[in-house]
Every structure is written in structure tokens, then in C-alpha cells.
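Hi,

Here's the structure I promised to pass on to you.

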Amino acid sequence: MKVEVIEGPLEEVLAVMHEVPELDTPAPVEQWKSRLSSHPLLLIARVGAENVGFKVGYDRWQDGRTYYSWMGGVIPAFRRVGVASALQQAMEQWCTQHGYVSLRFKTRNRHRSMIAFALRHGFNMVDFEKKGAVDDYRLVFEKALEIVNS
């Protein structure tokens, strides 16, 4: 299965997001627009003509060093075929091209497949936030990016 990753518009990202069951309480569009005001990246994964996954990030700390991968997901029928890995690789490449030295994201303790994904892709757990029940605790992962000399 050939996966193509492109930068795309917010409307297409939101359409894919609604097909990801784990993202059952999406942020309002106004929150998306507010967060994406600082160096946004909106990636869409396609298989053929179908959008099957997405990954969105922004410069949360506005330091030009650590990029925040805010939201992402893959439609269940297209999991375990490399879609999430292709999105991750594209984001890492974009980040290094734009001078970022690390990539950070949060996931909830209940999203075990995302935790395993993070560990397989070289992320370390660097922090956690108690919020609600144990399953809702936020785990913070970070990865140092390879510096690309131009």
C-alpha cells in the first residue's frame, strides 16, 4: 500500500479526524485556528485518492526549538500499514528543515497503541500530568531530532 503525505487544508484534516474513533471529543474549530497561529503544519496521509490519516503541529512554545505535535490519527481500516509512520517521518523532516531540534507530544494513558508507537519511534517519556482518572493522565513524550546541515 503506497502512502502519500501532503500538506493540506484544515477542512480536510477535520474530515479525517471525524473518522478516528479515539478522537470522540474534538476541539472546536476556533481552538484549532487559535492554536495553529504559530508556525502550523497540517499533514494528510492519502492512499490512492482517499484521505486516511492526519497529523497537526505548531510551535506551542514559540521558541523555534521544540515543535509540538498536537493532534493526529489514522482511520481504523488503514492502521498497521505504515500510515502513522509516514506522517511521523514527514513531520520530523519538516521540523528539521525548519530548524527545530526536538518534537514533543502528549497522549492519554488509555491510548496504549500511541504509547507503543512513541517508544518504537525513538521518543522518551519526559513528563506526565494527572488529570481525571488514571486512564486520562497525560503522558508527555519528546524526541531529539537529527540536525540537518544545509
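Below is what turned up, starting with the pocket and moving on to the strands and the aromatic rings.

One thing to keep in mind: this is a predicted model.

**The pocket**

Let's begin with the largest pocket, which holds about 1,300 Å³ of space. Its lining is made up of 43 residues. If you want to find the middle of it, look for Leu 23, Gly 72, Thr 107, His 111 and Met 114, which lie nearest the centre. Several elements give two or more residues to this lining: helices H2 (29-35), H3 (83-97) and H4 (112-120), along with strands E3 (50-58), E4 (66-74) and E5 (102-108). Which of them gives the largest share of the lining? That's E4, with seven residues. As for the kinds of residue around the pocket, 18 are nonpolar, eleven are polar and 14 are charged.

**The strands**

To see where they meet, find Tyr 67, whose bridge partner in E5 is Leu 103.

A handy spot to look at here is Lys 106, which has Val 140 in E7 as its bridge partner.

**The aromatic rings**

Now for the rings: the count comes to ten aromatic pairs. One of them is Trp 32 with Trp 70, an edge-to-face pair with 4.6 Å from centre to centre and 65° between the planes. Trp 32 sits in helix H2 and Trp 70 in strand E4, so this pair links distant parts of the chain, 38 residues apart. Are these two buried or exposed? Both Trp 32 and Trp 70 are buried.

Another pair is Phe 105 with Phe 141, and this one is stacked, at 5.4 Å centre to centre and 15° between the planes. Because Phe 105 belongs to strand E5 and Phe 141 to strand E7, the pair ties together parts that are 36 residues apart in sequence. Phe 105 and Phe 141 are buried too.

Last, go back to Trp 32 and Trp 70 and look around them: together with Tyr 58, Trp 61 and Tyr 68 they form one aromatic cluster.

Happy browsing!

Definitions and conventions
Residues numbered from 1 in each chain as written. Predicted model: local features only at pLDDT ≥ 70, side-chain atom pairs only at ≥ 80, totals over all residues. Heavy atoms only, no water. 1 Å grid on protein atoms, 1.4 Å probe; cavity = no way out; pocket = protein on both sides within 12 Å on 5 of 7 lines; lining within 4 Å. Points joined across faces, edges and corners; volume = space filled by probe spheres on them. Helix = DSSP H or I, 4+ residues; strand = E, 2+ residues; numbered from the N terminus. Nonpolar A, V, L, I, M, F, W, Y, C, P; charged D, E, K, R; others polar. Pairing = 2+ DSSP bridges. Phe/Tyr/Trp six-rings, centres within 6.5 Å; stacked < 30°, edge-to-face > 60°. Buried < 20%, exposed > 50% of the residue type's maximum accessible area, 1.4 Å probe, protein only.
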